[in-house]
Amino acid sequence: MWYISTRGMAPRVDFEGALFSGYAPDGGLFMPEELPQLSRETLRQWSALSYPSLVKELCALFIGPELIPRDDLNDLIHQAFRRFRHNEVVHLSRLKNGLNVLELWHGVTYAFKDLSLCCTAQFLQYFLEKREKHITVVVGTSGDTGSAAIESVQGAKNVDIIVLLPKGHCTKIQELQMTTVLKENVHVFGAGCLAQKMGLPIRLVAAVNHNDIIHRTVQRGDFSLSKTVKPTLASAMDIQVPYNMERIFWLLSGSDSQVTRALMEQFERTQSVRLPEELQSKLSAAVTSESVSDEAITQAMGRCWKENQYLLCPHSAVAVSYHYQQMDRQQPSPPRCCLAPASAAKFPEAVLAAGLTPQIPSEVSALEKKETRCTPMQKSDDWTLMLRDTIEDIGQQWRGHFPNAPE
């Protein structure tokens with residue numbers, strides 16, 4: 001399996017090359033050169049697999065045995081999911097009136113980022129041990145990514161991680177998950193379209209909060225920044241630049257890197273792009289969208305609790321709100337699967353705003369009593385210099401351990 005840039009100006013790389021590159025050298029994002037096509041028979045067989053077994057099958061398609069032999073791959077995936085609290089790893093809760101909630105938050109940090117980052121850390125460590133190398137990973141986060149990245153590298157001997165934590169953009173619990181007594185290798189500073197293309201018969205809905213750049217793009221082809229980001233109860237959605245849209249543009253344009261590059265370069269220059277009519281038509285045919293207010297979020301949380309005694313996080317409630325809207329308009333309403341990216345335990349403020357009682361597990365409430373560690377950064381600080389100094393210090397410490405460490 002080879003990976004190419006969405007902007008078409010970088011050499012192709014294998015899985016290992018894409019894993020360690022982040023962005024492609026031309027500023028694009030790496031995508032598989034060819035997507036495997038799944039037959040109905042394959043999908044039927046896979047439907048009976050556990051989540052870890054399904055991950056093993058998918059990873060085998062995108063990595064290849066020449067990089068990670070199948071026995072090694074199976075061991076890495078097993079290790080990745082060993083700390084999940086639910087024995088299914090991912091659990092489907094079947095609720096009333098056709099509402100199904102797919103719980104993606106049973107990892108250590110109670111968020112869906114655990115699912116991908118625990119595997120990523122295993123792959124990084126596997127290649128680094130084989131090459132006798134060390135890396136430092138820099139993570140920018142508004143909450144869940146940072147804590148999941150920190151937990152994923154616990155025990156990884158060849159990886160240091162630096163987390164940039166913006167104040168005021170995450171809940172207190174999310175902040176504590178990133179700052180309470182960390183290992184020495186952690187330093188804190190204050191896609192469904194693919195499955196659809198591979199043959200999975202699904203209808204996608206992108207439900208977002210008041211910050212609606214994705215909704216405007218799907219509905220009108222208006223991929224442009226708003227003047228301001230409005231803080232909402234679903235704080236992880238309070239973003240201006242959803243970079244995965246670049247991958248979607250590339251997929252729906254028939255892997256046309258020239259079209260994708262032109263769109264993204266214009267967006268980076270002007271912060272505003274009008275999609276070509278044909279691309280916007282394909283996007284709206286592939287994805288339905290909705291923008292949900294804070295009031296609708298709390299109403300969905302309250303209704304779900306009243307009907308099911310099931311507590312939603314505000315991000316999950318964005319999707320469930322769409323389900324309730326459609327159900328009230330159309331009877332009988334078809335069943336839907338709403339993805340739940342985080343546990344309500346991480347957002348007690350939103351739970352209280354919905355007039356409900358937070359349910360906080362003991363390991364989460366215990367964070368309040370732990371010592372925190374975080375290097376403060378002021379607006380006047382040269383943050384690039386602070387990061388460079390930290391990375392250089394880490395490099396100096398590791399050069400004696402790994403003869404292949406870069407100078």
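Val159 has its place in strand 6 (residues 159–164), where strands (E, at least two residues) and helices (H or I, at least four) are DSSP runs numbered from the N terminus. Val159 is buried, with a relative accessible area of 1%; buried means under 20% relative accessible area, exposed over 50% and partly exposed in between (1.4 Å probe, protein chains only). Leu128 is 31 residues away from Val159 in sequence, and the two are 8.4 Å apart in space, C-alpha to C-alpha.

This is a predicted model, in which local features need pLDDT of at least 70, side-chain atom pairs count only at pLDDT 80 or more, and totals for chains, interfaces and linings use all residues. Residues are numbered from 1 along each chain as its sequence is written, and side-chain values use heavy atoms, with hydrogens and water left out.

**The chain as a whole**

- The chain contains 17 helices and twelve strands.
- Of its 407 residues, 48% are buried.
- The accessible surface of the chain comes to about 20500 Å², and 52% of that belongs to carbon and sulfur atoms. Accessible areas come from the Shrake-Rupley method with a 1.4 Å probe, and for residues only the protein chains shown count as cover.

**Strands and their partners**

- Strand 8 (residues 204–208) is largely enclosed by the rest of the structure, because four of its five residues are buried.
- Strand 8 pairs with strand 11 (residues 287–291) in the parallel sense over five bridges; two strands pair if DSSP finds at least two bridges between them.
- Within this pairing, Ala207 stands opposite Glu290 in strand 11.
- Strand 4 (residues 99–103) and strand 12 (residues 336–340) run parallel and are joined by five bridges. Here Val101 has Cys338 of strand 12 as its bridge partner.
- In a regular strand the side chains alternate between the two faces of the sheet.

**Salt bridges**

- Side chains of opposite charge can pair when their charged atoms come close.
- The structure holds twelve salt bridges, each being a side-chain nitrogen of Lys or Arg within 4 Å of a carboxyl oxygen of Asp or Glu.
- One of them joins Arg70 and Glu57, whose closest N and O atoms are 3.0 Å apart. Arg70 lies in helix 4 (residues 70–80) and Glu57 in helix 3 (residues 51–63), so this pair ties together parts that are 13 residues apart in sequence.
- Both ends of that pair are partly exposed: Arg70 has 32% relative accessibility, and Glu57 has a relative accessible area of 27%.
- Arg303 and Asp328 also meet in a salt bridge through their side chains (3.0 Å, N to O). This pair links distant parts of the chain, with Arg303 in helix 13 (residues 294–308) and Asp328 in helix 14 (residues 314–329), 25 residues apart.
- Arg303 counts as partly exposed at 24% relative accessibility, whereas Asp328 is exposed at 52% relative accessible area.
- Arg216 and Asp212 form a salt bridge as well (2.9 Å, N to O). Arg216 is buried, with a relative accessible area of 8%, and Asp212 also counts as buried at 19% relative accessibility.
- A network of salt bridges links Asp212, Arg216, Arg220 and Asp222.

**Charge on the surface**

- Asp382, Asp389, Glu392 and Asp393 gather in a surface patch of negative charge. Patches are made of residues with over 30% relative accessible area and no salt bridge: like charges are joined within 9 Å, and nonpolar side chains (Val, Leu, Ile, Met, Phe, Trp, Tyr) within 5 Å.
- For charges, Lys and Arg count as positive and Asp and Glu as negative, while His and the chain ends are not counted. The place of a charge is taken as NZ of Lys, CZ of Arg, CG of Asp or CD of Glu.
- Asp393, one of the patch residues, is found in helix 17 (residues 383–399) and is partly exposed, with a relative accessible area of 46%.

**Backbone angles to look at**

- Most residues other than glycine have a negative phi.
- Val89 has a positive phi of about 70° although it is not a glycine. Val89 sits in the loop between helix 4 and strand 3 (91–94) and is buried, with a relative accessible area of 4%.
- Ser255, also a residue other than glycine, has a positive phi near 60°. Ser255 lies in the loop between helix 10 (244–252) and helix 11 (257–270) and counts as partly exposed at 39% relative accessibility.
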